[in-house]
Amino acid sequence: MKKTQNVTIKGTKDGLTLHLDDSCSYEELKEEIDHKLSDSARSREDRLLSVHVQVGNRYLTTEQEEEIKELVRQKKNLVVDSISSNVITKEEAEQIKKENEVVPVARIIRSGQVLQVPGDLLLVGDVNPGGTVIAGGNIYIMGVLRGVAHAGFNGDKEAIVTASVMKPSQIRISDCITRAPDHYQDDDKREMECAYINDSDQITVDRLQMLMHLRPNITRLEGGY
Amino acid sequence: MGEAIVITSGKGGVGKTTTSANVGTALALQGKKVCLVDTDIGLRNLDVVMGLENRIIYDLVDVLEGRCKVHQALVKDKRFEDMLYLLPAAQTSDKTAVTPEQMKELISNLKQDYDYIIIDCPAGIEHGYRNAVAGADRAIVVTTPEVSAVRDADRIIGLLEKEENVESPKLIINRIRNQMMKNGDMLDVDEIATHLSIDLIGIVADDDEVIRASNHGEPIALNPNSKAAIAYRNIARRILGESIPLQPLEDEAPGVFSKLKKFFGVK
Ligand SMILES: Nc1ncnc2c1ncn2[C@@H]1O[C@H](COP(=O)(O)OP(=O)(O)O)[C@@H](O)[C@H]1O
Ligand SMILES: [Mg+2]
């Protein structure tokens with residue numbers, strides 16, 4: 001009986017791509033990778049060759065991914081650059097959904113209170129001095145920001161903070177921090193503003209209208225209107 | 001069945017005890033049967049402000065630990081027929097001697113016999129605060145027009161909003177000095193009310209008479225000629241559900257309080 005190919009290797013200008021069949025058993029796969037890669041005689045090259053692994057509709061656990069990387073690494077001059085799969089777990093899907101969701105909250109965040117969401121935050125209410133709002137994504141405040149806002153909590157430098165009245169004690173975006181001037185002038189309205197990280201890696205505050213130019217990706221509406 | 005109102009602030013020295021004494025007195029003047037409860041264990045002084053210190057025999061902790069019955073510990077205010085009583089705090093005990101559950105039971109017993117229980121809360125947000133709030137149905141937050149006092153009031157309001165059994169708190173701004181407010185040296189009333197965004201139930205001027213009266217053990221609310229007394233009496237009437245616009249300070253500072261009416265729902 002002729003065995004079907006579970007592992008196909010393609011050379012590209014970036015290195016090798018391994019296509020792994022997603023219907024055979026994982027053990028079979030491992031064996032065949034081991035076998036196939038030992039066959040390919042390229043021992044004279046001393047340049048490190050990167051390998052992209054495509055696993056189709058197979059879900060690999062982190063341990064299995066490590067195993068495959070290890071297997072490839074044992075072969076001379078090969079190193080796994082990426083493993084891509086068409087499938088993710090339900091948990092991962094839910095996490096992605098959460099991180100891309102806008103969570104509306106109608107409340108006042110008072111001194112000593114902390115409100116944190118994984119995705120974008122839409123706060124209808126004020127953040128009082130001593131209060132803190134934190135979001136994995138953007139923070140939109142329909143109210144007065146007088147406390148601390150931290151957008152892009154997980155490192156997203158594209159994240160922004162908007163407020164109807166922008167008088168924060170501190171704004172943080174990703175790992176950038178900016179603090180308020182020691183005093184706001186009484187006649188300083190600070191209405192309808194947004195804060196973002198500019199090209200020189202510093203937080204800047206600008207008119208809200210600038211947002212569509214600064215962060216066109218914020219708009220998720222597709223098509224015309 | 002009566003209602004229990006806790007007077008609280010976060011920060012110390014802003015006027016909780018003064019407010020408790022005067023609001024309690026003003027409610028009694030309105031013909032309500034009132035019991036003042038001092039929960040500031042170790043630092044009691046509601047009895048002093050009320051001029052009742054000499055009559056204390058038992059205190060709150062004696063009641064909770066079963067050394068006496070509640071009615072034995074209650075000190076009657078002779079100035080009011082049978083309308084005003086005080087349950088004094090213990091001066092010597094440790095404040096952890098009392099638990100929120102005990103307070104809840106005590107207050108709910110007192111509610112059987114009184115129209116209003118006014119609970120004077122200690123400063124801070126720890127044990128003493130939790131005891132004071134445990135049996136309350138309503139809360140009044142006292143602040144002064146100072147940034148730090150407002151900050152602490154905000155913190156307390158946040159905690160009170162989490163209490164399921166307590167109605168959303170009302171605000172008293174105490175020790176207002178018109179001249180300083182006009183000069184912009186003090187937060188103005190409007191600014192504070194907007195910032196804390198809870199209903200304002202009264203404003204009280206900074207008045208030396210308040211201190212003098214407290215030192216004589218005669219709460220200012222008893223003196224009908226003082227502006228502060230009128231302010232406390234108005235607060236009492238608002239607690240009873242009357243809709244009274246802010247009067248006492250309006251003539252002194254036209255404009256400053258004009259926007260305030262909206263917080264009372266007065267057109
Ligand atoms: N409206 C007022 N005008 C002048 N002095 C006041 C006023 N309210 C309170 N005080 C004074 O401020 C001090 C602190 O008040 P107190 O009621 O004991 O505060 P707390 O109970 O919050 O610690 C006292 O000396 C009191 O007489
Ligand atoms: Mg006190």
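Ala, Val, Leu, Ile, Met, Phe, Trp, Tyr, Cys and Pro count here as nonpolar, while Asp, Glu, Lys and Arg count as charged. The others, Gly among them, count as polar. Keep these classes in mind for the ligand below. The model is predicted.

Start with chain A. Chain A is divided into two parts: domain 1 covers 7-84, and domain 2 covers 93-214. Take the centres of these two domains of chain A over C-alpha atoms, and they lie 44 Å apart.

Now turn to ligand 1. Ligand 1 sits in the second largest pocket. Which elements give two or more residues to the shell around ligand 1? In chain B they are α1 (16-29), β7 (170-176), β8 (200-205) and α10 (208-215). The largest share comes from α1(B), with three residues.

In total, 15 residues surround ligand 1. The closest are B:Gly13, B:Lys16, B:Thr17, B:Thr18 and B:Asn174. Sort the shell by class, and there are five nonpolar, six polar and four charged residues.

Next, look at single contacts. The side chain of B:Thr18 has an N or O atom 2.5 Å from an oxygen atom of ligand 1. At B:Gly15 the backbone takes part: one of its N or O atoms lies 3.0 Å from a ligand 1 oxygen atom. A nitrogen atom of ligand 1 is 3.0 Å from a polar backbone atom of B:Ala205.

How much of ligand 1 does the protein cover? On its own, ligand 1 has 560 Å² of accessible area, and the protein covers 80% of this.

Conventions:
Residues are numbered from 1 along each chain as its sequence is written. Chains are lettered from A and ligands numbered from 1 in the order in which they are written. This is a predicted model: local features need pLDDT of at least 70, side-chain atom pairs count only at pLDDT 80 or more; totals for chains, interfaces and linings use all residues. Side-chain values use heavy atoms; hydrogens and water are left out. Domain bounds come from an automatic or database domain assignment. A residue is near a molecule or strand if one of its heavy atoms lies within 4 Å of it. A polar contact is a pair of N or O atoms within 3.5 Å; within protein, one must be able to donate a hydrogen and the other to accept it, and residues adjacent in sequence count only if both atoms are side-chain atoms. Accessible areas come from the Shrake-Rupley method with a 1.4 Å probe; for residues, only the protein chains shown count as cover. On a 1 Å grid over the protein atoms alone, a cavity is a set of points where a 1.4 Å probe fits but cannot get out, and a pocket is an open set with protein on both sides within 12 Å along at least five of seven lines; lining residues have an atom within 4 Å of a point. A molecule sits in a cavity or pocket if more than half of its atoms lie within 2 Å of its grid points. Helices (H or I, at least four residues) and strands (E, at least two) are DSSP runs, numbered from the N terminus.
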